[in-house]
Amino acid sequence: MEINLISDTVTKPTQGMLEAMFQAEVGDDVFKQDPTVNELERYTAQLFGKEAALFFPSGTMANQTAIRLHTRPADEVICDKWSHIFLYEGGGVAANSGVSCHLVDGNRGKITADQVRQVINDPEFYHAPTTQLVSIENTTNKGGGACYELDELQKIRQVCKEHGLKYHLDGARLWNALVAKNQKPTDFGQLFDTISVCLSKGLGAPVGSVLVGSSEDIKKAIRIRKLFGGNMRQAGYLAAAGLYAMENNISRLAQDHQRARELGQVLASKSWIKEVAPVETNIVIFTLQSKVDEKVFLEMLKQKSILISSMGQGKLRMVTHMDYRGVMHDFVIDVLSRMEF
């Protein structure tokens, strides 16, 4: 029995999801003739209180489309130094949009309105790039699944409004934040110009993300998606999985969060652990004491068929998900409890 805690992207479709995919009515989405894709986009837009939505094969492409949509070459994007768009999207901000990032040293991947205000370039100072976009990540990946408070996001929105900046949310794990903070999708829809949400992480769909925004922005996004090679044909089979995921798998995220907290608690009790980041959702990030060799630790877990990931700089990560069952959780807790160095 392999226990994969590397990411919440490792899940496989449930029987119910497979049946929904098998029964999907499909057409050619390039001509907007796939009824299931159209329904997924309508459903997601309505969920967030936005005018329109667009289905993408990946969250990276959805984010990159939003950046291209809101900027011009030589513009600047404000984001946290741990942002996914900066660290884990292959330099796409530069390659796809010709823009640079102004990195902010936030708290566990979260930035504040005051920090945003301090780094906005004077538009009259032509030696500096033009600040055009603020990109937020919620929950934060490298920050250990940390969630923003709505009031801080509202303050950032006000700063954007005052300076004429666009406001994008990388909501790859926004579903986890909604459950953890008891928030509503429309709370975010009314704040951001665009939001990308992933269907293949905590919700268990095999593929796909959705970008929501105004009708005008999504019309432009269709052209950008084409430019990036993101058009799909009978994509309704994948869209059906996404619809099933949103209709059935959001509330169960609370179980992932509880199991992550329990993993964090047992790790924090061990003398060979240096630090465990606060666990808010389904991500557990921790560091080992200097006496413990990271490679040896990972190999010990691997020998027990437990797989986790290294994020570099001494940070290790466990991510709980819907395929991580109760019997697996009990086994991992027992293994960690017995480990000594």
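How many positive and negative side chains does the chain have, and how far apart do the centres of the two sets lie? There are 38 positive and 40 negative side chains, and the two centres are 2 Å apart. The model described here is predicted.

**Overall form**

The chain contains 14 helices and 13 strands.

| Property of the chain | Value |
|---|---|
| Span of the C-alpha trace along the principal axes | about 60 × 55 × 35 Å |
| Accessible surface | about 15000 Å² |
| Part of that surface belonging to carbon and sulfur atoms | 49% |
| Buried residues | 55% of 341 residues |

Among contacts with a separation of 6 or more, 75% are made by residues 24 or more positions apart.

**The annotated domain**

An unreviewed UniProt entry places the feature "domain: Aromatic amino acid beta-eliminating lyase/threonine aldolase" at residues 4-289.

**Lys201**

The unreviewed UniProt entry also gives the feature "modified residue: N6-(pyridoxal phosphate)lysine" at Lys201. Lys201 sits in the loop that runs between β7 (194-198) and β8 (209-213). Is Lys201 buried or exposed? Its relative accessible area is 16%, and because buried means under 20%, Lys201 counts as buried. With neighbours within four places in sequence left aside, Lys201 is in contact with Asp8, Thr9, Thr11, Ala172 and Arg173.

Definitions and conventions. Residues numbered from 1 in each chain as written. Predicted model: local features only at pLDDT ≥ 70, side-chain atom pairs only at ≥ 80, totals over all residues. Heavy atoms only, no water. Helix = DSSP H or I, 4+ residues; strand = E, 2+ residues; numbered from the N terminus. Buried < 20%, exposed > 50% of the residue type's maximum accessible area, 1.4 Å probe, protein only. Contact = heavy atoms within 4.5 Å. Areas by Shrake-Rupley, 256 points an atom, 1.4 Å probe, with all protein chains shown as cover. Lys, Arg positive; Asp, Glu negative; His and termini not counted. Charge placed at Lys NZ, Arg CZ, Asp CG, Glu CD. UniProt positions renumbered as here; feature names shortened; annotations may be inferred.
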